[in-house]
Amino acid sequence: MPDLDAFAPLVASLGQPGFAPALMALLHAECGADLCSVFAIEGEGASVLVAESIAPERSAFARVASLRYAQRYWRRDTSAASTLGRAHRAVQVLKRPAQGILDIDYRHECYTEGAVVERLSLYRAGTPGIIANAYRARDSGPFTPDHLRAFAAMATLLHAALARHAALARPPEQPATTLSWREAQVATMTADGAEQPQIAEALNLAPSSVITYRKRAYAKLGVSNRHQLRALLTGE
């Protein structure tokens with residue numbers, strides 16, 4: 001049985017902006033997660049309900065990676081779609097190492113770049129379907145058997161909370177146009193406070209290219225400055 005008292009902050013924040021941090025805190029405390037994401041699946045589309053990190057410096061990566069998965073990789077993730085299709089009568093729980101993801105672009109952009117090594121996933125079909133993920137970073141190591149047992153024990157109750165939150169809180173609007181990988185990299189580093197010369201050196205780009213990628217990212221995300229970009233990507 002899951003610790004019902006541990007769910008109290010999550011239940012109290014249903015439909016509220018504090019739901020994502022409450023979910024992250026719960027998953028970190030109960031099963032050692034470093035990051036988390038939740039997607040609502042309707043028809044052939046996916047929208048981001050939650051993208052959070054226990055460490056502030058990883059918040060931008062969590063949001064950029066989740067946006068890119070919803071916009072691009074969900075339609076290519078046949079394994080997730082198949083598992084969701086089997087989850088009509090009960091919640092499905094799976095553990096998957098990052099190296100088990102065969103789509104190289106998806107693995108690189110949503111796992112390797114953020115030093116994510118493993119995920120635990122909850123799947124439940126419905127209207128909408130719900131996919132929730134807990135992730136471990138490289139410096140924490142893989143999930144332990146105890147972590148998996150704790151995640152599985154809370155899965156049914158967790159799904160109920162996620163489904164209720166999805167009904168109460170309208171998912172964040174998604175940009176109409178996806179970011180390219182370079183645009184996403186530049187946007188993430190800009191949101192984290194890196195200046196143009198630092199970004200150019202780190203990514204081996206000309207300074208003029210950094211400016212171009214940043215302008216494109218701003219336009220696609222509907223922001224006009226670093227402050228707005230950071231607010232969008234980090235929730236601050």
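Q: What share of the contacts in the chain with a separation of 6 or more comes from residues 24 or more positions apart?
A: Contact means heavy atoms within 4.5 Å. Residues 24 or more positions apart supply 64% of the contacts in the chain that have a separation of 6 or more. The model is predicted: local features need pLDDT of at least 70, side-chain atom pairs count only at pLDDT 80 or more, and totals for chains, interfaces and linings use all residues. Residues are numbered from 1 along each chain as its sequence is written, and side-chain values use heavy atoms, with hydrogens and water left out.

Q: How many helices and strands does the chain have?
A: Helices (H or I, at least four residues) and strands (E, at least two) are DSSP runs, numbered from the N terminus. The chain has ten helices and five strands. Its radius of gyration, taken over C-alpha atoms, is 17 Å, close to the 18 Å given for 236 residues by the globule rule (2.2 Å times the number of residues to the power 0.38), so the chain is as compact as a globular protein of that length. Along the principal axes, the C-alpha atoms fill a box of roughly 55 × 35 × 30 Å.

Q: In what order do the five strands of the open sheet stand?
A: Two strands pair if DSSP finds at least two bridges between them. The order is β2-β1-β5-β4-β3, with antiparallel pairing. Because β2 (45-53) and β3 (92-97) have a single partner strand each, they stand at the edges, and one side of each lacks a neighbour in the sheet.

Q: Over how many bridges do β1 and β2 pair?
A: β1 and β2 pair in the antiparallel sense over eight bridges, with Glu-42 opposite Gly-45 in β2. Two residues lie between the strands of this hairpin, and Gly-43 takes a positive phi near 65 degrees there. At the other pairing considered here, β3 and β4 (residues 116-124) are joined over six bridges, also in the antiparallel sense, and Pro-97 stands opposite Glu-118 in β4.

Q: How many of the nine residues of β2 are buried?
A: Buried means under 20% relative accessible area, exposed over 50%, and partly exposed in between (1.4 Å probe, protein chains only). In β2, eight of the nine residues are buried, so this strand is largely enclosed by the rest of the structure. For the chain of 236 residues, the buried share is 50%.

Q: Is His-159 buried or exposed?
A: His-159 has 15% relative accessibility and therefore counts as buried. This residue is in helix α6. Beyond its neighbours within four places in sequence, His-159 is in contact with Val-91, Leu-122, Arg-124 and Ile-130. By contrast, Thr-127, in the loop between β4 and β5, counts as exposed at 79% relative accessibility.

Q: At what angle do the axes of helices α8 and α9 cross?
A: Two packed helices are described by the angle between their axes and the distance between the axes. Axes are lines fitted to C-alpha atoms, for helices over the stretch in contact, and angles run from 0 to 180 degrees between N-to-C directions. The axes of α8 (residues 196-203) and α9 (residues 207-221) come within 9 Å and cross at roughly 105 degrees. That makes α8 roughly perpendicular to α9 (65 to 115 degrees; under 35 counts as roughly parallel, over 145 as roughly antiparallel and the rest as oblique). Gln-196, Ile-199 and Ala-200 in α8 meet Pro-207, Val-210, Ile-211 and Arg-214 in α9.
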